[in-house]
Amino acid sequence: MKRFVVSKWKKTNELMKNDELRAHIPKTVRMTKDSLLSMLHEYRMVYIKPDIGTFGNGVMRVEWDSALSNPYQYQLGEKARSFVNYDSMYEDIERKTRKTKYLVQKGIHLLKYQKRRFDIRIMVQKNLQKEWETTGWIGRVAHPRKIVTNYHSGGKLMPIEELLKDRTKETGKKHYHKQFKQLGTNVAKQLHKRYPGIKEIGIDVALDEAIVPWILEVNTKPDPYIFRSLANKAIFGKIMRYKRANQK
Ligand SMILES: Nc1ncnc2c1ncn2[C@@H]1O[C@H](COP(=O)(O)OP(=O)(O)O)[C@@H](O)[C@H]1O
Ligand SMILES: [Mg+2]
């Protein structure tokens, strides 16, 4: 039984079968010259990413703003480039993506903390009763000049409570805790239907201005050690306990 699923496309398609989850997945298509252009004109800001990839490697933010003299722009790493027309931009993107399958996804305007974008990693594991349990969440704040929040791309780990402190009152806090928990187990159960070997997942979730959660991707080999940085040591302890039990 497959324990790990690497293709983002396959995982996204599995989640799309669930009505509730579908409402939380930004539109995602396979990248071609035509699909990137139509997604760009529809959403003005999209992310393109390798179907198989990690650590934010190869992920690019692509934008279109018809008011600019160079209306097409994309950023990879810390470098942004702009172009007078789509063809010249695509030619440049293609040089970097040619050998790999890419996906195009509607871009979510991530919330910011001190002018830096952040998103959330939610950990979901089979617990000691073999039931799905959401065991932790942590914020990841992007490096100021980067378009990805990954820890391995210079992102900074922070507790969500701190990141959302000015936006939610105590009641709101209870609400998003419940929402994260439910989203976590729903995603796990849906993927598990198709891939019953999966024992744990890490979900990358974006929050928009309305604090609506958007599922950016699901990892089947999530890094547990990022949770070591939380002040509440019980979270990391539980994550490792479940992890060890699942390895047996
Ligand atoms: N649709 C999107 N909208 C906004 N930001 C995104 C989007 N997709 C990816 N990102 C940013 O890029 C990061 C890396 O993308 P992700 O899909 O998680 O690939 P990887 O497998 O490399 O981690 C995300 O954590 C997020 O910060
Ligand atoms: Mg990721």
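1. Ligand 1 lies between domain 1 (8–25 + 110–247) and domain 2 (28–106), because both give residues to the shell around it. The domain bounds come from an automatic or database domain assignment. This is a predicted model, where local features need pLDDT of at least 70 and side-chain atom pairs count only at pLDDT 80 or more. Residues are numbered from 1 along each chain as its sequence is written, and side-chain values use heavy atoms, with hydrogens and water left out.

2. Of the 22 residues around ligand 1 (a heavy atom within 4 Å), Lys8, Lys49, Gly56, Asp119 and Glu217 come nearest. By class, the shell has 7 nonpolar, 8 polar (Gly is counted here) and 7 charged residues.

3. Now for the polar contacts (N or O atoms paired within 3.5 Å). Oxygen atoms of ligand 1 lie 3.0 Å from a polar side-chain atom of arginine 140, 3.0 Å from one of threonine 149, and 2.9 Å from a side-chain N or O atom of asparagine 150.

4. How much of ligand 1's accessible area does the protein cover? The answer is 99% of the 540 Å² that ligand 1 has on its own (Shrake-Rupley method, 1.4 Å probe).

How values were computed. Chains are lettered from A and ligands numbered from 1 in the order in which they are written. A polar contact is a pair of N or O atoms within 3.5 Å; within protein, one must be able to donate a hydrogen and the other to accept it, and residues adjacent in sequence count only if both atoms are side-chain atoms.
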